[in-house]
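Work through the exercises below with the sequence and the model open. Each task is followed by a solution in steps.

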Amino acid sequence: MTLETAKRIVREQDEETCKEALAIVRGGMTICEKNVDGSRKYVWVKVKPTMTDDESSIDVALEILRMRKTSLLSPTPIGQAQTEPVIPNVTMPSNLSNESETQIARQSFFERIKNKAVEIWHEIDSIVVE
């Protein structure tokens, strides 16, 4: 449901509006989830308007909530999700030797930033001296 449609329905029907229109206008709704032990948990679900009136905004919001829960409950820890380290493709000028290319490719992200900052500071120092 689009935002304009939801606002129109809320204005016309006032407090007896359909739940979807109220949820869109408010920006979300509270749903009740029952745990295994029988206790209840009330969760705020963010409901965003869709592009057309044919789609249900609540269904889309609940699907996003389900996807978020399954990604949080994944069996592999975040640190072990990658099987091999990711080495970015670094384009270097051809005049550098192979040793310096492999050394630069193996540097961590923070080392590359540190080296770039040092280069910038040297450049600034040379400009100030001139």
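**Exercise 1: Glu-33**

Glu-33 is placed in strand S1; helices (H or I, at least four residues) and strands (E, at least two) are DSSP runs, numbered from the N terminus. The model is a predicted one, in which local features need pLDDT of at least 70 and side-chain atom pairs count only at pLDDT 80 or more, while totals for chains, interfaces and linings use all residues. Residues are numbered from 1 along each chain as its sequence is written, and side-chain values use heavy atoms, with hydrogens and water left out.

Task: state whether Glu-33 is buried or exposed, and which side chain makes a polar contact with the side chain of Glu-33.

Solution. 
- Step 1. Apply the accessibility classes: buried means under 20% relative accessible area, exposed over 50%, partly exposed in between (1.4 Å probe, protein chains only).
- Step 2. Glu-33 has a relative accessible area of 16%, so Glu-33 is buried.
- Step 3. Contact means heavy atoms within 4.5 Å. Leaving out residues up to four places away in sequence, Glu-33 touches Ser-39, Arg-40, Lys-41, Val-43, Leu-65 and Lys-69.
- Step 4. A polar contact is a pair of N or O atoms within 3.5 Å; within protein, one must be able to donate a hydrogen and the other to accept it, and residues adjacent in sequence count only if both atoms are side-chain atoms. The side chain of Lys-69 makes such a contact with the side chain of Glu-33, at 2.4 Å.

**Exercise 2: Val-45**

Task: classify Val-45 by its relative accessible area and list the residues that Val-45 touches, not counting residues up to four places away in sequence.

Solution. 
- Step 1. Val-45 lies in strand S2.
- Step 2. The relative accessible area of Val-45 is 5%, so Val-45 is buried.
- Step 3. Beyond four places in sequence, Val-45 touches Gly-27, Gly-28, Met-29, Ile-31, Ala-61, Leu-62 and Leu-65.

**Exercise 3: salt bridges**

Task: state how many salt bridges the structure holds, then locate the one between Glu-12 and Arg-8.

Solution. 
- Step 1. A salt bridge is a side-chain nitrogen of Lys or Arg within 4 Å of a carboxyl oxygen of Asp or Glu. The structure holds four.
- Step 2. Between Glu-12 and Arg-8 the closest N and O atoms are 3.7 Å apart. Both residues lie in helix H1, four residues apart, about one turn of the helix.
- Step 3. Glu-12 is exposed at 57% relative accessibility, and Arg-8 is partly exposed at 40%.
- Step 4. Another salt bridge joins Arg-66 and Glu-63, with the closest N and O atoms 3.0 Å apart. Both lie in helix H3, three residues apart.
- Step 5. An α-helix has 3.6 residues a turn, so residues three or four places apart point the same way.

**Exercise 4: aromatic pairs**

Task: state how many aromatic pairs there are.

Solution. 
- Step 1. Rings of Phe, Tyr and Trp (its six-membered ring) pair if their centres lie within 6.5 Å; planes under 30 degrees apart count as stacked, over 60 as edge-to-face and the rest as tilted.
- Step 2. The count is one aromatic pair. Phe-109 and Phe-110 form this edge-to-face pair, 5.5 Å centre to centre with 70° between the planes.
- Step 3. Phe-110 is exposed, at 65% relative accessibility.
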